[in-house]
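Here is a short briefing on one protein structure. Look over the sequence and the model, then read the points below.

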Amino acid sequence: GNDVDSGQTDVHSAQECQRLCLNYGPTCQYWTWNYDDSKCWLKSADAGRTQDYRVFSGPRTCQRQVCMLNHVSLSGAFLKMAEDTHSADQCAHACEDETSCQAFTYRTESKTCPLKMS
């Protein structure tokens, strides 16, 4: 639901889907990318959320410096291990506080938070 177009095909990453939403204009506020069929759906709202392990969704722009993507491990050069992080939100704050941090991966099982430079 809330689609602003009929879906973009041959979109090869969640980041590319987010860029499409940003370039679409203010009508697009959210996006959903399906990695099974490389299709990107641009959305006017985030109402009607459902859990689907084949897709990643996010806002047009991030409210914070770091956007979180569930079920994704980001590659990048290791910067350091963040201390005292017991949630993904705390991990995101640790990345925001570190000027060289470009990404992070929060590991729920071990409650660890490697910060990454790129």
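A disulfide joins Cys91 to Cys113, with 1.8 Å from S to S; a disulfide here is a pair of cysteine sulfur atoms within 2.5 Å. Cys91 lies in helix α2 (residues 88-97) and Cys113 in the loop between β5 (103-104) and β6 (114-116), so the pair ties together parts that are 22 residues apart in sequence. Helices (H or I, at least four residues) and strands (E, at least two) are DSSP runs, numbered from the N terminus. The model is predicted: local features need pLDDT of at least 70, side-chain atom pairs count only at pLDDT 80 or more, and totals for chains, interfaces and linings use all residues. Residues are numbered from 1 along each chain as its sequence is written, and side-chain values use heavy atoms, with hydrogens and water left out.

**The protein as a whole**

- The secondary structure comes to two helices and six strands. From the N terminus on, the elements run α-β-β-β-β-α-β-β.
- Of the 118 residues in the protein, 32% are buried. Buried means under 20% relative accessible area, exposed means over 50%, and partly exposed is in between (1.4 Å probe, protein chains only).
- The protein exposes about 7400 Å², and carbon and sulfur atoms supply 46% of this area. Accessible areas come from the Shrake-Rupley method with a 1.4 Å probe; for residues, only the protein chains shown count as cover.
- Among contacts between residues at least 6 apart in sequence, 49% join residues at least 24 apart. A contact means heavy atoms within 4.5 Å.

**Disulfides**

- A disulfide is a covalent bond between the sulfur atoms of two cysteines. By the distance rule, the count comes to four disulfides.
- In the link of Cys91 and Cys113, the torsion about the S-S bond is about 80 degrees, so this disulfide is right-handed. Cys91 is buried, with a relative accessible area of 0%, and Cys113 also counts as buried at 0%.
- Cys95 and Cys101 form another disulfide, with their sulfur atoms 2.0 Å apart. Here the angle about the S-S bond is -100 degrees, and the link is left-handed. Cys95 counts as buried at 0% relative accessibility, and Cys101 does so at 0% as well.
- The sulfur atoms of Cys17 and Cys40 are 1.9 Å apart and form a disulfide. Cys17 lies in helix α1 (residues 14-24) and Cys40 in strand β2, so the pair ties together parts that are 23 residues apart in sequence. The torsion about the S-S bond of Cys17 and Cys40 is about 80 degrees, so the disulfide is right-handed. Both Cys17 and Cys40 are buried.

**Helix α1**

- Which residues of α1 are buried? They are Ala14, Cys17 and Cys21. Seen down the axis of α1, the buried residues fall within an arc of 60 degrees, so they line one face of the helix. The arc is that of the directions from the helix axis to the C-beta atoms.
- An α-helix has 3.6 residues a turn, so residues three or four places apart point the same way.
- The buried residues of α1 pack against β1, β2 and β3.
- Ser13 caps the N-terminal end of α1, with a side-chain oxygen 3.0 Å from the backbone nitrogen of Glu16.

- β1 and β2 (residues 39-43) run antiparallel and are joined by five bridges. Two strands pair if DSSP finds at least two bridges between them.
- β1 and β2 form a hairpin with four residues between them, and Ser38 in the turn has a positive phi of about 55 degrees.
- β1 also pairs with β3 (residues 55-59) in the antiparallel sense, over five bridges.
- Thr32 stands opposite Trp41 in β2 and opposite Ser57 in β3.

**Strands β4, β5 and β6**

- An open sheet of three strands has the order β4-β6-β5, with antiparallel pairing. β4 (78-81) and β5 are the edge strands, and each pairs on one side only.
- Three bridges join β4 to β6. The bridge partner of Lys80 in β6 is Leu115.

Key
A polar contact is a pair of N or O atoms within 3.5 Å; within protein, one must be able to donate a hydrogen and the other to accept it, and residues adjacent in sequence count only if both atoms are side-chain atoms.
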